Amino acid sequence: MNTAFIIDYLSALSMNNSREWYHANKDDYKNASAEFEKLLQSLILEIGKFDSSILHNNPKDLTFKIVRDTRFSHDKSPYLPAFRAHISSKGKLPVPVGYYLMIKPGNQSFLGGGLFADMFKDATAMIRDYIVQNGEEWEQIIHEPEFEKYFTIKGTALKNVPAGYEKEHPQAEYLKHKSWYLEYPLKDEEVKDAEIFLVKAVEIFQIMKPFNDYLNNALVGFQMPAR
């Protein structure tokens, strides 16, 4: 798995973000995609050692398209110069939550976990309710020294505690959230060395697993809205 080639290709795409360049260099895109899928396969096997629920996944099914929807965007560049994937027990669906990876040149790559999507009102309500009932476990997870070393909880949040929840609840700040996610940033040089990157990614994903497990326990029974 040649992660340096991935960064180099995406860097070139970023500087030449046009359909003409993309199609003229389609072979490079295919090769970079193949390397990304090799990386995902290695990640699946390594993550599977501590989370067997993801072992059945096919790397090709976990990736997101680089073609951008520009209909409602001021930025009309046709491609997002990034390779992205979400590894969970149900593939790349946002729920259940899993292990997210984005490789994007310019030191914009990161490893992620938790719920990034904030448009699912049922999911937000289920997690809030679970935090209300299981606040002590939440505190134990987010204040684990290894967790605190690498993560702060991010996510879209309201200014005030939503109606129906106690304003003085011990976890009130987290009840304001509509999404709860983690990010671990990566520099290009860290990504380019595939062996070092793989070891680091697996370490980070293992540290975030209790957080993912907590959210997935909260989301038991959640149904993705019908399209």
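This is a predicted model: local features need pLDDT of at least 70, side-chain atom pairs count only at pLDDT 80 or more; totals for chains, interfaces and linings use all residues.
Reader: How do you know that the span of helix α1 agrees with its number of residues?
Author: Helix α1 covers residues 3-15, 13 residues in all. At 1.5 Å a residue, that should give 18 Å. The end C-alpha atoms lie 19 Å apart, which agrees.

Reader: Which residues of α1 are buried?
Author: Thr3, Ile6, Ile7, Tyr9, Leu10 and Leu13.

Reader: What puts them on the same side of α1?
Author: The arc they cover around the axis is only 165°, so they lie on the same side of the helix.

Reader: What makes Asn2 a cap of α1?
Author: A side-chain oxygen of Asn2 lies 3.3 Å from the backbone nitrogen of Ala4. The cut-off for a polar contact is 3.5 Å.

Reader: Why is Trp180 called buried?
Author: Its relative accessibility is 0%. Buried means under 20%, so Trp180 counts as buried. Trp180 sits in strand β4.

Reader: What does the side chain of Trp180 reach?
Author: The backbone oxygen of Tyr174, at 3.0 Å. That is within the 3.5 Å limit.

Reader: Why is Asn107 called partly exposed?
Author: The relative accessible area of Asn107 is 47%. Exposed needs over 50% and buried needs under 20%, so Asn107 falls in between. The residue is in the loop between β2 and β3.

Reader: What is omega for the peptide bond from Val95 to Pro96?
Author: Omega is near 0°, and the bond is cis. Most peptide bonds are trans. Pro96 belongs to the loop between β1 and β2.

Reader: How many residues line the largest pocket, and which lie nearest its centre?
Author: The lining has 20 residues. Phe64, Lys92, Leu93, Pro94 and Tyr100 lie nearest the centre. The space in this pocket is about 610 Å³.

Reader: Which strands supply at least two residues of that lining?
Author: β1 (83-87), β3 (109-115) and β4 (180-186) each do. The largest share, three residues, comes from β3.

Reader: How does the lining of the largest pocket divide by class?
Author: It has 13 nonpolar, two polar and five charged residues.

How values were computed
Residues are numbered from 1 along each chain as its sequence is written. Side-chain values use heavy atoms; hydrogens and water are left out. On a 1 Å grid over the protein atoms alone, a cavity is a set of points where a 1.4 Å probe fits but cannot get out, and a pocket is an open set with protein on both sides within 12 Å along at least five of seven lines; lining residues have an atom within 4 Å of a point. Grid points are joined across faces, edges and corners, and a volume is the space filled by probe spheres set on the points. Helices (H or I, at least four residues) and strands (E, at least two) are DSSP runs, numbered from the N terminus. Ala, Val, Leu, Ile, Met, Phe, Trp, Tyr, Cys and Pro count as nonpolar, Asp, Glu, Lys and Arg as charged, and the others, Gly among them, as polar. The expected span of a helix is 1.5 Å times one less than its number of residues. Buried means under 20% relative accessible area, exposed over 50%, partly exposed in between (1.4 Å probe, protein chains only). The arc is that of the directions from the helix axis to the C-beta atoms. A polar contact is a pair of N or O atoms within 3.5 Å; within protein, one must be able to donate a hydrogen and the other to accept it, and residues adjacent in sequence count only if both atoms are side-chain atoms.
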